[in-house]
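Open the model in your viewer and keep the selection tool at hand. The stops below go from a helix pair to rings and charges.

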Amino acid sequence: MALPSEFRTEKTNFFEQELKKFQVDELENLTDEDFRILGMYIQTYNFMDLNIQRCINILKDEKILFFDKKERQDIPNLIDKIIDCLDKLDLEKEQEIETMEKLIEIKFRRNIRNLFAHFACKRIPNQDAFVFMSNPPKDIKKFFKREQIHVDLILYSILDIADARGLINHVLKYETWLAKFTLLIINKYNSSK
């Protein structure tokens, strides 16, 4: 599972110092609005994943793209497959470039969806910040590249909740675009039958 790259600001450094004042059991529960933010981001990506799959199915059916049996079928790889075959879709050059750029952005922001969907989340007390936490030994060993890891070690990521709100507005535009692109692909190949 791909996770977002670390990006530090003065604000996240401040949040991290605040986080260190508390034990995990002292962190604040999420509010209804927090659940709405996390759920909306995850569901927006679920819908985009659905449309990526729909595009892939049509392009496979039309023999525009092919998979070998060992090739990964995860969403990031499927996005790459669509990008790789854009030149075969008879799009105008500007539309092809725009499509490639938007698919790259969808793939890039999907890592945040993975964080939202697969990590435990609480609020840092008295702050407008999420802390996402995980403790799977396999991930910890991979992250720290050491065999002997203390069992209580927690991987965490901090996100300013205002940034999460902004991300929702950002990805909703891509969800709408992808739905229209999928319809374009459906209409293009259904009308040729």
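Begin by selecting Ile 75, Pro 76, Ile 79, Asp 80, Ile 82 and Ile 83 in H3, which meet Met 100, Leu 103, Ile 104, Ile 106, Lys 107 and Arg 110 in H4; contact means heavy atoms within 4.5 Å. The residues of this contact comprise 9 nonpolar, no polar and 3 charged (Ala, Val, Leu, Ile, Met, Phe, Trp, Tyr, Cys and Pro count as nonpolar, Asp, Glu, Lys and Arg as charged, and the others, Gly among them, as polar).

This is a predicted model: local features need pLDDT of at least 70, side-chain atom pairs count only at pLDDT 80 or more, and totals for chains, interfaces and linings use all residues. Residues are numbered from 1 along each chain as its sequence is written, and side-chain values use heavy atoms, with hydrogens and water left out.

Next, select Lys 81 and Phe 67: the charged end of Lys 81 sits over the ring of Phe 67, 4.8 Å from its centre (NZ of Lys or CZ of Arg within 6 Å of the ring centre and within 35 degrees of the ring normal). Lys 102 has its charged end over the ring of Tyr 174, 5.7 Å from the centre.

Finish at Arg 36, which forms a salt bridge with Glu 33, the closest N and O atoms being 3.0 Å apart (a side-chain nitrogen of Lys or Arg within 4 Å of a carboxyl oxygen of Asp or Glu). Both residues lie in helix H2 (residues 32-61), 3 residues apart, about one turn of the helix.

Methods: Helices (H or I, at least four residues) and strands (E, at least two) are DSSP runs, numbered from the N terminus.
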